[in-house]
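Biologist: I have the file open next to the sequence. Can we walk through it?

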Amino acid sequence: MPELPEVETIVRGLQKSGLVGKAICDVQVRWPRTVSHMAADPFAQRLRGRTITRFSRRAKYIIAHLDNGSCLLIHLRMTGQFHIEKEGTAADTHDQVVLAFEGGRQLHFHDTRKFGRFELVTAQAAELPHLGPEPLAKAFTPAALQACLQKHRRIIKPVLLDQSVVAGIGNIYADESLWAAGIHPKRRADSLTPAEILRLHHAIRQVLTRAIRRGGTSLGNGATNFYSVTGRRGRNRDALKVFRRDGEPCPRCGGTIQRLVVAQRGTHICPHCQPLQP
DNA sequence: AAGAATGTTACATG
DNA sequence: ACATGTAACATTCT
């Protein structure tokens with residue numbers, strides 16, 4: 001489900017939820033493997049009594065900053081969602097973790113596929129230094145992108161998806177950015193010209209910024225789709241130009257959008273706008 | 001009703 | 001050391 005814009009949308013929702021500053025009075029872990037590197041019991045014990053001072057985002061991680069200086073790192077993986085419920089609300093089948101806050105409200109972590117992860121870490125570890133730069137940070141200049149890409153002889157799409165190269169891009173926004181920049185996903189990362197790098201840099205930032213502005217991308221109608229903390233769907237699907245639009249006309253040239261598989265991921269391109277041979 | 005799915009990681013193979 | 005491929009996680013959606 002969630003890439004950078006969806007995680008950002010959720011973090012903003014959590015930050016505005018009214019839970020910041022309230023103490024966590026109860027922790028229920030219903031699927032113990034949701035908690036990384038620790039058993040559920042000590043995890044619950046260490047979290048109980050803590051207060052979340054703020055929520056932030058790094059890459060596709062949600063960071064809940066705690067009043068004792070440590071951080072709760074949360075990754076939604078494919079189907080993780082957060083819902084805020086009133087006191088006494090029973091956990092849904094797919095609610096894997098429930099945090100009860102003073103004042104009575106509860107934060108339910110709903111995760112159908114159970115891939116999502118919670119981990120207690122130090123503030124330093126929460127900076128996730130092994131991940132690449134934030135694509136929306138000021139420091140992420142075209143030169144920075146060029147430096148990222150030059151190191152890799154791989155094809156461009158899996159490089160964009162590699163979180164240690166650039167942080168936060170997933171399958172939707174990789175396809176959308178490559179289309180916007182007119183670059184074929186199978187081009188070698190180190191073969192892009194300076195003009196192409198400039199276009200790709202602009203495309204990544206524009207595509208991600210627009211998606212955040214539109215509250216993320218919700219694709220189908222299923223319950224495993226992306227929903228914000230307030231239960232709203234993202235409005236970015238209408239802004240997608242190629243992702244899951246195979247067979248439809250390219251909005252730029254009218255050619256037919258194609259689906260192919262690149263690096264084991266479904267990939268969508270306009271063959272005319274994104275030629276393999278430049 | 002089979003195949004794919006917005007993600008990550010460990011392990012195997014070239 | 002590097003690149004690429006496969007499986008695993010677990011369930012639902014198309």
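Biologist: Which residues of α5 are buried?

Modeller: This is a predicted model, to start with. The buried residues of α5 are N171, I172, Y173, A174, D175, E176, S177, L178, W179 and A181. That makes ten of the eleven residues in the helix, which spans 171–181, so α5 is largely enclosed by the rest of the structure.

Biologist: What covers the buried residues of α5?

Modeller: The cover includes α1, α4 (156–161), α6 (194–213) and β10 (265–269).

Biologist: And what comes just after α5?

Modeller: G182, with a positive phi of about 70°.

Biologist: You mentioned α1 and α6. How do their axes cross?

Modeller: The axes of α1 and α6 cross at roughly 35° and come within 9 Å. The crossing is right-handed.

Biologist: Which residues meet there?

Modeller: From α1, L4, P5, E8, T9 and R12; from α6, L208, A211 and I212. By class, the contact of α1 with α6 has five nonpolar residues, one polar and two charged.

Biologist: E8 and R12 are in that contact. Which salt-bridge network are they linked in?

Modeller: One that links E8 and R12 with R57, R58 and E134.

Biologist: Take R58 and E134, then. How far apart are the closest N and O atoms?

Modeller: They are 3.0 Å apart, and the pair forms a salt bridge. The two residues lie in distant parts of the chain, 76 residues apart: R58 is in strand β2 (residues 52–58), while E134 is in the loop between β8 (117–121) and α3 (142–150).

Biologist: Are R58 and E134 buried or exposed?

Modeller: Both R58 and E134 are buried.

Biologist: How many salt bridges does the count come to?

Modeller: Eleven. Another of them joins E196 and R187, at 2.9 Å from N to O. E196 is buried, at a relative accessible area of 7%, and R187 is buried too, at 6%.

Biologist: What about E248 and R245?

Modeller: Their side chains meet in a salt bridge at 3.1 Å, N to O. Buried means under 20% relative accessible area. R245 has 16%, so R245 counts as buried. E248 has 34% and therefore counts as partly exposed.

Biologist: On to the sheets. What is the strand order in the one with β2?

Modeller: The order is β2-β3-β4-β8, an open sheet of four strands with antiparallel pairing. β2 and β8 are the edge strands, each pairing on one side only. Neighbouring strands are turned by 20° against each other on average, direction ignored.

Biologist: How many bridges join β2 to β3?

Modeller: Six, and the two strands run antiparallel, with β3 covering residues 61–66. R58, from the salt bridge with E134, stands opposite Y61 in β3.

Biologist: Which strands does α1 touch when it packs on that sheet?

Modeller: Helix α1 (residues 4–15) touches β2 and β3, and its direction makes about 170° with that of β2. α2 packs on this sheet as well, touching β3, β4 (71–75) and β8, with its direction at about 60° to that of β8.

Biologist: And the sheet with β1, what order does that have?

Modeller: β1-β6-β7-β5, which is an open sheet of four strands paired antiparallel. β1 (24–29) and β5 (80–85) stand at the edges with a single partner strand each, so one side of each has no neighbour in the sheet. The twist from one strand to the next averages 15°.

Biologist: How many bridges join β1 to β6?

Modeller: Five bridges join β1 to β6 (residues 95–101), and the two run antiparallel. Within that pairing, V29 stands opposite V97 in β6.

Biologist: Which helix packs on this sheet, touching β1 and β6?

Modeller: Helix α2, residues 40–47, with its direction at about 165° to that of β1.

Notes. Residues are numbered from 1 along each chain as its sequence is written. Chains are lettered from A and ligands numbered from 1 in the order in which they are written. This is a predicted model: local features need pLDDT of at least 70, side-chain atom pairs count only at pLDDT 80 or more; totals for chains, interfaces and linings use all residues. Side-chain values use heavy atoms; hydrogens and water are left out. A salt bridge is a side-chain nitrogen of Lys or Arg within 4 Å of a carboxyl oxygen of Asp or Glu. Buried means under 20% relative accessible area, exposed over 50%, partly exposed in between (1.4 Å probe, protein chains only). Two strands pair if DSSP finds at least two bridges between them. Axes are lines fitted to C-alpha atoms, for helices over the stretch in contact, and angles run from 0 to 180 degrees between N-to-C directions. Contact means heavy atoms within 4.5 Å. A crossing is left-handed if the near helix is turned anticlockwise from the far one by less than a right angle, and right-handed if clockwise. Ala, Val, Leu, Ile, Met, Phe, Trp, Tyr, Cys and Pro count as nonpolar, Asp, Glu, Lys and Arg as charged, and the others, Gly among them, as polar.
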